[in-house]
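Subject: Structure handover

Hello,

Here is the structure I said I would pass on. My notes on what turned up in it follow below.

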Amino acid sequence: MAEPIPLAKPLLGEAEEQAVLDVLRSGQLSLGPRVPAFEEAFAAAVEAEHASAVSSGTAGLQLALRAVGVTDGDEVVTSPLSFVASANVCVMERAKPVFADIDPVTLTLDPDAAAAAVTDRTTAIMPIHIFGYPTAMIELEALGLPIVEDACEALGARYADGSLVGGRGHPAVFGFYANKQMTTGEGGMVTTADPSVKARIDSERNQGRAPDMDWLDHDRLGFNFRLSDIACAIGLAQLSRLDEMNAGRTRVSELYYEGLAGVEGLSLPCSDQGSERRGWFVFVVQLPDGVDRDTTIRSLSERGIQSKPYLPAIHLMAYYREQFGHREGEFPVCEKVAAQSVALPFFAEMTTGQVERVCAALREILGQT
Ligand SMILES: *Cc1c(COP(=O)(O)O)cnc(C)c1O
């Protein structure tokens with residue numbers, strides 16, 4: 001069998017190795033100079049005022065919800081088509097995630113559905129820029145509620161007004177797990193225009209300490225959601241090649257569009273609408289109606305190609321069914337997408353030959369060579 005093609009693969013090299021060695025040799029592995037250096041470089045990269053480095057995207061979402069005031073008994077309107085972390089953090093903060101259906105083209109939170117889900121207990125809206133596509137923020141902002149953006153898949157994306165995702169002022173959260181546009185192993189970043197949001201997140205990620213306090217003084221409750229200097233050093237090295245990596249992903253997406261053009265019933269990621277720009281993270285296709293997804297994934301796997309159902313609808317997961325009484329049929333657009341969507345191998349260094357192999361295999365499995 002030909003060389004297996006993985007779903008994702010980080011681009012790491014000598015710059016990252018050297019950066020890690022430098023931190024190890026410096027002796028300062030945490031709370032050192034790489035943390036503010038990475039924060040400042042990241043804020044500049046997405047044209048945000050401030051950034052706070054945290055231990056994961058999930059940790060960043062939780063701290064951002066707290067920073068905009070979400071608390072016990074509140075409701076947060078969000079999308080059911082997301083990685084489960086975005087809903088989980090609401091529950092962790094004792095708030096209720098209230099799902100609203102998605103737009104059938106962009107697959108992001110539908111602003112009309114979001115508006116209809118708002119009640120007098122809604123204290124925030126959490127749009128998910130799913131598969132790197134920016135949510136219709138201007139419409140959501142018109143609802144006049146605090147917003148926390150889940151931008152974990154959308155580094156490099158642009159909103160309808162042409163500005164970069166993360167630079168709109170609301171807390172926006174990015175993730176640096178190894179399959180994301182850039183990685184620090186584990187890690188995350190929250191951007192914001194509000195210095196008081198940054199101050200609160202910086203304190204709560206660090207056991208509730210104020211910046212001028214001694215080691216064992218704490219003026220509020222906090223977590224250990226810090227990001228180490230080792231991770232921040234990798235992040236700095238990754239940032240300096242972000243344009244190169246994003247260009248690689250864009251190139252791979254174009255090869256996929258070419259290779260899968262005209263396959264009947266197969267739905268490809270939507271192209272950019274107006275001035276919106278996708279930040280390429282994954283290449284997710286929706287299989288034709290009536291095609292069994294699990295069989296398709298197995299057939300790809302037999303040909304050495306890794307793929308994955310991506311993503312399952314959150315409201316239909318066991319915990320959310322049991323805890324909140326969710327059932328099939330509540331969010332039909334999301335459920336249809338979730339049932340037929342498959343992520344194909346996608347990474348910056350993917351070769352033309354590899355993309356061609358995936359496209360040929362998928363065409364063969366669907367009987368459309
Ligand atoms: C990756 C991801 C997260 C969580 O990020 P971690 O760094 O793995 O905690 C949250 N939301 C979405 C949409 C993601 O893709």
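The largest cavity takes at least three of its lining residues from domain 1 (14–239) and at least three from domain 2 (242–365). Please keep in mind that this is a predicted model. The largest cavity holds about 90 Å³ of space. Its lining consists of 13 residues, and those closest to the centre are Lys9, Pro10, Leu11, Met245 and Arg249. By class, that lining splits into 6 nonpolar, 3 polar and 4 charged residues.

In total, the count is 2 cavities of 30 Å³ or more.

Now to the ligand. The space it takes is the largest pocket. Which residues surround the ligand? They are Ser56, Gly57, Thr58, Ser82, Phe83, Ile128, Asp150, Cys152, Glu153, Lys180 and Gly187. Sorted by class, this shell has 3 nonpolar, 5 polar and 3 charged residues.

- Thr58: an N or O atom of its side chain is 2.5 Å from an oxygen atom of the ligand.
- Asp150: a polar atom of its side chain lies 2.7 Å from a nitrogen atom of the ligand.
- Gly57: here a backbone N or O atom is involved, and it lies 2.8 Å from an oxygen atom of the ligand.

How much of the ligand's accessible area does the protein cover? On its own the ligand has 380 Å² of accessible area, and the protein covers 92% of that.

For the largest cavity, Met245 and Arg249 are among the residues closest to its centre.

Regards

Terms used: Residues are numbered from 1 along each chain as its sequence is written. This is a predicted model: local features need pLDDT of at least 70, side-chain atom pairs count only at pLDDT 80 or more; totals for chains, interfaces and linings use all residues. Side-chain values use heavy atoms; hydrogens and water are left out. A residue is near a molecule or strand if one of its heavy atoms lies within 4 Å of it. A polar contact is a pair of N or O atoms within 3.5 Å; within protein, one must be able to donate a hydrogen and the other to accept it, and residues adjacent in sequence count only if both atoms are side-chain atoms. Accessible areas come from the Shrake-Rupley method with a 1.4 Å probe; for residues, only the protein chains shown count as cover. On a 1 Å grid over the protein atoms alone, a cavity is a set of points where a 1.4 Å probe fits but cannot get out, and a pocket is an open set with protein on both sides within 12 Å along at least five of seven lines; lining residues have an atom within 4 Å of a point. A molecule sits in a cavity or pocket if more than half of its atoms lie within 2 Å of its grid points. Ala, Val, Leu, Ile, Met, Phe, Trp, Tyr, Cys and Pro count as nonpolar, Asp, Glu, Lys and Arg as charged, and the others, Gly among them, as polar. Grid points are joined across faces, edges and corners, and a volume is the space filled by probe spheres set on the points. Domain bounds come from an automatic or database domain assignment.
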